[in-house]
Amino acid sequence: MSIDPPSPPDSDVYKTLLESTKAIPWRIDWSTMTFSYIGPQIKTLLGWSPQSWVGVDDWVARMHPDDREYVVNFCVSQSRAGVDHEADYRALTATGEYVWIRDVVHVVRKDGEVEALIGFMFDISERKKTEEHLVRLQKQLEEYSYQDGLTGKTITLDGSASSDPDGNDTLKYKWTQVGTTPATVSLTGADTAKPTFVPRTAGKYTFKLEVSDGANQATDEVVVTVAQAPNTAPVANAGAAQTVAVGTPVTLDGSASSDPDGDALTYSWALTGGTGITLTNPKTAQPT
């Protein structure tokens, strides 16, 4: 008994399959550079009607200007060579926005010549956003890897990995700053393994550690890179309300004002209500 092979699906079945995907299927006749087919998904993904995509010029015109030259030249050269290829670019939507598209292209050849291009356009906008976010994170990590601290924050030096071959000797530590750039800092606990300092100026600070076991000494240096911390606004405090008799001298008090970064504060008092008042030393914390 013979079994007949299954009949190949007709063109309507192929079309249904194509138009049920979330990608945009398309076909270009190479000789005329016109679209012989483009799926209705283009309306959903880009907002354009299939009828508005007549030829290659429509595809090119709706590509981001920064992507256009490279992508067009790449796709044309690959197509002429008969090489299947992919290209990522930003496509213009009917609302004037751009979405990231990945075009996957198959070159159809006949008798050794390019006859047509067929492919799919995939919306990869979310993937691109993720990639760009990862790139930004990587850049931040690289920047932070070269920074040991921020201005206004306590930084701890660490010489605790120092050792003595004899094993029983007690080590003594002496830390000093090498040079005065970018600024001179005060080391707290300079005779301990882990002294601290608070930099106010960004830059590279060099410190020398001298370790002694009582008989011999060894030195090492470390460079600390300090980045400028974001400045935080100061907190103004004009003091408590006062009630006094006419003619009585009054001292205003802004000395409770503070700055989270520890920066030096300047003061400027001004009369905002009432008349006949003259402030003495209005640029100080406690004018009268």
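**Before you start.** This is a predicted model: local features need pLDDT of at least 70, side-chain atom pairs count only at pLDDT 80 or more, and totals for chains, interfaces and linings use all residues. Residues are numbered from 1 along each chain as its sequence is written, and side-chain values use heavy atoms, with hydrogens and water left out.

Stop 1: Strands are DSSP runs of E, at least two residues, numbered from the N terminus.

Stop 2: Two strands pair if DSSP finds at least two bridges between them. Pick Trp 175: its bridge partner in strand 10 is Leu 209.

**Stop 3: rings around Phe 197.** The whole structure holds 7 aromatic pairs. Phe 197 and Tyr 205 form a tilted one, 5.9 Å centre to centre with 50° between the planes. Phe 197 and Phe 207 form another tilted pair, at 4.9 Å and 45°. (Rings of Phe, Tyr and Trp, the last by its six-membered ring, pair if their centres lie within 6.5 Å; planes under 30 degrees apart are stacked, over 60 edge-to-face, the rest tilted.) Phe 197 lies in strand 9 (residues 196–197) and Phe 207 in strand 10, so their pair ties together parts 10 residues apart in sequence. Phe 197 is buried at 2% relative accessibility, and Phe 207 is buried at 0%. Tyr 205 is buried too. (Buried means under 20% relative accessible area, exposed over 50%, partly exposed in between; 1.4 Å probe, protein chains only.)

Stop 4: Select Trp 26, Phe 35 and Trp 53, which form one aromatic cluster. Next, show Arg 62: its charged end sits over the ring of Trp 48, 3.9 Å from the ring centre. Then show Lys 128, whose charged end sits over the ring of Trp 100, 4.6 Å from its centre. (The test: NZ of Lys or CZ of Arg within 6 Å of the ring centre and within 35 degrees of the ring normal.)

Conventions:
Helices (H or I, at least four residues) and strands (E, at least two) are DSSP runs, numbered from the N terminus.
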